[in-house]
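Try each task before you read its solution.

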Amino acid sequence: MIEKEDPVISEEEAAQYDRQIRLWGLDAQKRLRGSRVLLAGLGGLGAEVAKNLILAGVKGLTLLDHEQVSEDSCRAQFLAPVTAQGQNRAKASLERAQNLNPMVEVHADSDSVEEKPDDFFLQFDAVCLTGCSRDLMVRVDQLCSQHNIKVFCGDVYGYYGYMFCNLGKEHNYVEEKPKVVKPSKDSDDGPEGKKAKVDPTETTMVKKMASFCSLKEALEVDWTSEKARAGLKRTPVDYFLLQGTFTERRSTQELLLLRWS
Amino acid sequence: MGAIRKGGELVDSLSSSKVLVVGAGGIGCELLKNLVLTGFKNIEVIDLDTIDVSNLNRQFLFQKKHVGKSKAQVAKESALQFCPSANIVAYHDSIMNPDYNVEFFRKFMLVMNALDNRAARNHVNRMCLAADIPLIESGTAGYLGQVTVIKKGMTECYECQPKPAQKTFPGCTIRNTPSEPIHCIVWAKYLFNQLFGEEDADQEVSPDTADPEAAWNPEETATRATASEKDGDIKRISTKEWARSTGYDPVKLFNKLFKDDIMYLLTMDKLWKKRKAPTPLDWQQLENSETAGSGLKDQQVLGLWGYCELFQHSVETLRSQLQEKGEGAELVWDKDDPPAMDFVTAAANLRMHIFSMKMKSRFDVKSMAGNIIPAIATTNAVIAGLIVLEGLKILSGELESCRTIFLNKCPNLRKKLLVPCVLDPPSANCYVCASKPEVTVKVNVHKTMVLSLQDRILKERFGMVAPDVQIEDGKGTILISSEEGETEDNNSKFLSDFGIRNGSRLQADDFLQDYTLLINILHTEELERDVEFEVVGEAPDKAPPPQTNQEEVNSITNGNKDSAQPSTSSKAPEEDDDIMIVDSDEEEGVSSSSAAAVSSTTKRKHSDAETGETSTKRPRMEQSSAAASPNDDDDDDIIALD
């Protein structure tokens, strides 16, 4: 799905992205360059995500938010001008977002994410949902993983916050590892021997695969089961707190009691 | 998470407190944004640098149209957009300028560093100690980052723990027996200076006849050593003079450096008994062979002839540059100056080929030669967030809840990416924050000049900016005065000329930093080759890791070594992004790019010459009083790492 139509990175991009190409490599940068991402929610969290994705150099970013800029949002986020009160948040954030990196196609959409049909989401390589309802997130998560679209959800509550990601049941990736220098079997290798070594900065790419669970599965863990109880103490309190903001299925108190028992 | 109430009191404190942000780069931009949005109303920001296009991937307060302008100034303007009512003062200046004295620092409730070099960090550390203002220190490199809090009397200061010295290589490795690409790159940078820049006796490129490894018996080494000292290391005229005499003819230069000198090395046969011998190159033979390469120009590895041509072209360009500048001109190496970078790329690769190493692309050479630290927006964003959280604790009067926090690349065994550690109390032997700091330094008093004491020891090693030194000889003889010109005549004299000998004590002051250091002199004739001094006298458990002082010597300099004195112009010193890394059990270790990083000390034209140093944090953690048991469910999640 990620377009690799333009395999050549321009000199301008090479100059601007130099410091990050040196970190994650040219291939990764090309993939970013070919990706279209959806970002729902342009509150404080959304603004940060927008900034980071735009600076990274994705192909396109769609800002989706039906809410209006309020006095609070002026304080919370830095993309909507202080004079934009009453305007749609996505549209108000567009100009500054675009200015962060003219090489990215930034769009603003003032619809509500809840009203969007399934095929709307299918045009993206990755979807980021901030400040969305549980039902919507579960729905989008299910839909996207069927189509190999990466899903990221998150929200903040004062000093607390969470992030969830679902990269699919079979997410393939590579990990960069330093090349292992085999010890020399040469008997001539005395203490002074400074043989021409294998370059210590050389690395090799190792292929790996990871499997992610769906959001539904993550939220519906049966904490009374043996396995779950074992991991209970290590699960952050925050997980249970946010259950309380989502659902009445199992009360927060019950879950916390389970954890502390 | 500690219970921090953002009640009315804290909010008031935010709007009235004055805070200082030192640096407006990667961390600085994110930090300014955070401070403004959090409600800080009085912010001062200082940065001596100007904006470069390579900053734009993360320093989001800057746009393409701002390239070349002052970082502090543009950062202020952009931040004001989010909150026009904030009061931001910007200084396009170096924090080491004496205008920013203890009184200046006392204006602030809090100082936050967003720096990328050790010299400035040392300096701000001392200023905050002198003014007794809390300091939040931080650093990032790639995916890694950390934040810590420094408060006089309560925590360790920035210099309590010895930091590993910048990695250096012995002269003979650079000149005779390189075994890694970095050795060849360092050699190429030395060559640049010898030909086009400021010649430096510590940056010799010709074969080292006094190499102890080359001698078949010990007497031979001694003879060679004295011979070379007398004859100036087989060359009787300087490299620059010789080059000038040939009119900087690229082919002649090529044949001397890559053929004749290599053939000379081959005659030192003992060196090649256990090593693969180098193979000299011949210009005529190589002419017009393959050049190769595809893809991003910078990332191509050319063929051998490609580098020959690159060598030729860059020499010709640099020659013209030199001519344009006129008589007695010198060029300063700059990784962002294309012919300078081309020259090092070509020369290093030719040498790598000679010594049977795989050649490297310009992109890779630039990383190593320019000490570039890879950087992204998100790491800085996380760290800047943590800085503000620590800042809020401080303003709430909750210093005990402050922590050192590490940001790792991979989650640890407890699935944590962010790892907090309790802050350590000050080190009793710290040569900066102890009540009467004292050190012992081993030198050869007959061979160490006063200038070396000032520049290498006091400024470079002990972080002073403007030292004043007097001898504790009962007469208070003044050895060095920070007033320009006053003690200039002393510079080339030796310490022994002033009666300094074994057991002498010197009092060194930096009045700006409000810092006095007592130095005990230990005379020795037995320093290692190329080592000028050794610092002794730190408590055993705080002894620096073995690789620092002893073997490695030649600091990898880059022409102008004046980095201890950053100017207020847009030229900025070479940076070294200082970060300590936790080795989590799951991590493979430091990424290769930061491991290869090497420091340089020089002025540079544009921003972003970043270097890195990393050290494993483990030893320090073991000392820390992180007392919580592994199963502790304490809010703060303190983990005792073993």
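Buried means under 20% relative accessible area, exposed means over 50%, and partly exposed lies in between (1.4 Å probe, protein chains only). This is a predicted model: local features need pLDDT of at least 70, side-chain atom pairs count only at pLDDT 80 or more, and totals for chains, interfaces and linings use all residues. Residues are numbered from 1 along each chain as its sequence is written, chains are lettered from A and ligands numbered from 1 in the order in which they are written, and side-chain values use heavy atoms, without hydrogens and water.

**Exercise 1.** Classify B:D202 and B:R456 by accessibility.

*Solution.* Step 1: B:D202 has 35% relative accessibility, so it is partly exposed. Step 2: B:R456 has 23%, so it counts as partly exposed too.

**Exercise 2.** Find what links B:R456 and B:D202.

*Solution.* Step 1: apply the rule for a salt bridge (a side-chain nitrogen of Lys or Arg within 4 Å of a carboxyl oxygen of Asp or Glu). Step 2: the N to O distance is 3.4 Å, and the two side chains form a salt bridge.

**Exercise 3.** How many disulfides does the whole structure have?

*Solution.* Step 1: a disulfide needs a pair of cysteine sulfur atoms within 2.5 Å. Step 2: the search over all chains finds zero. Step 3: check B:C308; its closest cysteine sulfur, in B:C184, is 15 Å away, too far for a bond. Step 4: check B:C430; the nearest cysteine sulfur, that of B:C160, is 3.7 Å away, and B:C430 is in no disulfide.
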